[in-house]
Amino acid sequence: MIKTMSAYTFEIDEVAVAVSEILAQLDMEHTLRAHSVGLMTCYGEFIETGVTKAISDALPFDIIGCSTMANASAGELGEMMLCLTVFTSDDVLFSAGVSRPLTEIQDASLMAAYREARKILPGEPAMMLICGPIISQLGGELLVEKLDAITGGIPLFGTLASHHRIDYAHSYTLFNGQSSNDTLSFVLIYGAIHPSFFVTTIPGEKIQNQKAIITKAEGNILMEINDMPVKMYLEHLGIMDAWVASASFPFLIDYNDGTKPVLRSIYTFTPEGYAVCGGRMPVGTTLMVGDIDYTDVVYTTGETVKQILQVPEPSCILMFSCLTRYIVLGADATAELEQVRSSLHDTVYQFCYSGGEICPVYTESGGLVNRFHNCTLIACVL
C-alpha cells in the first residue's frame, strides 16, 4: 500500500523559508514509512534561486521532477509555485535513477540508468514514473519506444519538462536537486500496485471528418499529406497561419492497430516548410486535424475528473496536461487548474503542465500499450 503526502511553496527567493514550509507540511516524523520517493514540479525560477536543491538536500529520500509552466497540489495552484508529492510505503519499493546527457536518444545511456536502478529491486518493477527532457529534433515518441523495449513493456507514465520561456533549452529535469535540460530522471515502482490510466484528447466533434494519409515523413518530421506539402494541405483546409496551426490545430494520428488515436503537436516548421511534430508521423497512418479551444479544455478536464473519482479509494492522482492546453486558455490561464482543485477536494493530487505526455493506452482486449502524446491530459491513479 502506498501512502502519499503533498506540500507546496510560493517562496522563490528565501530558500530557508521555502524549506521550512515544505518540511512543516510533510511532518515526516509521523508520516514516513520504510520506503519513500518524491516528485517535484516547479516554476523554473525555483531552480535558479536554489530552492529545489535546498529542499532535496533537506529530505531523506530521492526526488525526481521537472520545471513546468504552472502546477497545482494540496488545494493550491499557480504559475510561480513549487509542488512536491511524497510516496511512502512499507511494502512497495521505489528506486530512482537518472540518465547521462541525451544529446540524442541513446540506447546505452538509457539501459545503463535502468539497470542501475533495477538492480536493487527484488523483481520486475510494476511501472516507471518519468520526467524527461524535450529533444525536439527527435520527438518524445522515440524516447518512449526505447524505454518500452528496455523495461520489457511495463507501464510508463510521466511528462517532458516545460517552461514559461519559449526556448526548450530552459526546460529542466530534476534529480536530487541537480537540474539538466538533457537528462531523464525516473522512479521504478515495485510491489502490488494497481494503477489506472486516463487519456483525454479533444471532443470528437472537434475533429474534422476529412481523413488523410501521411505520404512522406522521416521520424517526427512531417513532409507530405495526401502527396501534398504540409503547409499546402493546411491551406487547403483553410488554415493559413503557421503559428495558429501549431497552437490550435493538432494532428490526430490513427495507427490502425486497435488502439485509440493519439494527438501530435506541431512544434515548429523547417525552412523547407516541413512540420516538426512532437512524435513520430509514420507513413501510411491515418491523419485527421483537430481544433482545441478554451471550452474544450475546461470541459474535457471536468469529464476526466468525473471518471477518475469513480476509482475507489485512490492514494494519489497524478495529472499532466499539455502546455498547448494551457496556451489556448488565454487570459484565464488557471481555468484548468481551478477545475481540478474544485473537483478533487481532499484527494492527494499533483497537476502540472507538460512538454509532452507519456501514458499507456488501453487496447480493445484491455491490455496496455505505452504511448507518447501531445495536446492531451493524462492521469494516473494509484
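## A walk from the sheet to its cores

Start by selecting helix α11, residues 335-344: α11 lies across β4 (71-73), β5, β22, β23 and β26, and runs at about 165 degrees to β23. Angles here run from 0 to 180 degrees between N-to-C directions, with axes fitted as lines to C-alpha atoms, for helices over the stretch in contact. Helices (H or I, at least four residues) and strands (E, at least two) are DSSP runs, numbered from the N terminus.

A quick word on what you have open: this is a predicted model, where local features need pLDDT of at least 70 and side-chain atom pairs count only at pLDDT 80 or more, while totals for chains, interfaces and linings use all residues. Residues are numbered from 1 along each chain as its sequence is written, and side-chain values use heavy atoms, with hydrogens and water left out.

**The sheet**

Now colour the strands under that helix. They belong to an open sheet of 6 strands with mixed pairing, in the order β5-β4-β23-β22-β26-β13. Two strands pair if DSSP finds at least two bridges between them. At the edges sit β5 (76-78) and β13, each pairing on one side only. From one strand to the next, the twist averages 10 degrees.

β13 and β26 (residues 377-381) pair in the antiparallel sense over 5 bridges. Buried means under 20% relative accessible area, exposed over 50%, and partly exposed in between (1.4 Å probe, protein chains only).

Next, bring up α9 (294-308). This helix lies across β13, β22 and β26, running at about 165 degrees to β13.

**The cores**

Show side chains. The largest nonpolar core has 33 residues, and those with the most contacts inside it are I308, I317, M319, L337, L344, F351 and Y353. A nonpolar core is a set of buried Ala, Val, Leu, Ile, Met, Phe, Trp, Tyr and Cys residues joined through side-chain atoms within 4.5 Å. Elements that each supply at least two residues include α9, β22 (317-322), α10 (323-328) and β23 (349-354). Which element gives the largest share of this core? That would be α11, with 4 residues.

Pick L337 and list its contacts (heavy atoms within 4.5 Å). Not counting residues up to four places away in sequence, L337 touches A70, N71, A72, L77, G78, F351 and Y353. Apart from this core lies another, of 28 residues, including I64, V92, F175 and F197.

**Rings**

The whole structure holds 5 aromatic pairs. Rings of Phe, Tyr and Trp (its six-membered ring) pair if their centres lie within 6.5 Å; planes under 30 degrees apart count as stacked, over 60 as edge-to-face and the rest as tilted.

- F157 and F197: the ring centres are 6.1 Å apart and the planes are at 35 degrees, so the pair is tilted. F157 lies in β9 (residues 156-160) and F197 in β13, so the pair ties together parts that are 40 residues apart in sequence.
- F157 and F320: with centres 5.4 Å apart and planes at 25 degrees, the pair is stacked. The link here runs from β9 to β22, 163 residues apart.

F157, F197 and F320 form one aromatic cluster. F157 has 0% relative accessibility, and F320 is buried too, at 1%.

Two charges are worth a stop as well. The charged end of K231 sits over the ring of F269, 5.0 Å from its centre, and that of R371 sits over the ring of Y255, 4.3 Å from its centre. A charge sits over a ring if NZ of Lys or CZ of Arg is within 6 Å of the ring centre and within 35 degrees of the ring normal.

**Loops to finish**

Go to L121, in the loop between α5 (107-118) and β8 (127-132). L121 counts as buried, at 6% relative accessibility. Leaving aside neighbours within four places in sequence, L121 is in contact with L93, S95, L188 and Y190.

Then check the backbone. Most residues other than glycine have a negative phi. C375 has a positive phi of about 55 degrees; it is found in the loop between β25 (368-373) and β26 and is buried at 2%. D27, between α1 (15-26) and α2 (28-31), has a positive phi of about 50 degrees and is partly exposed at 35%.
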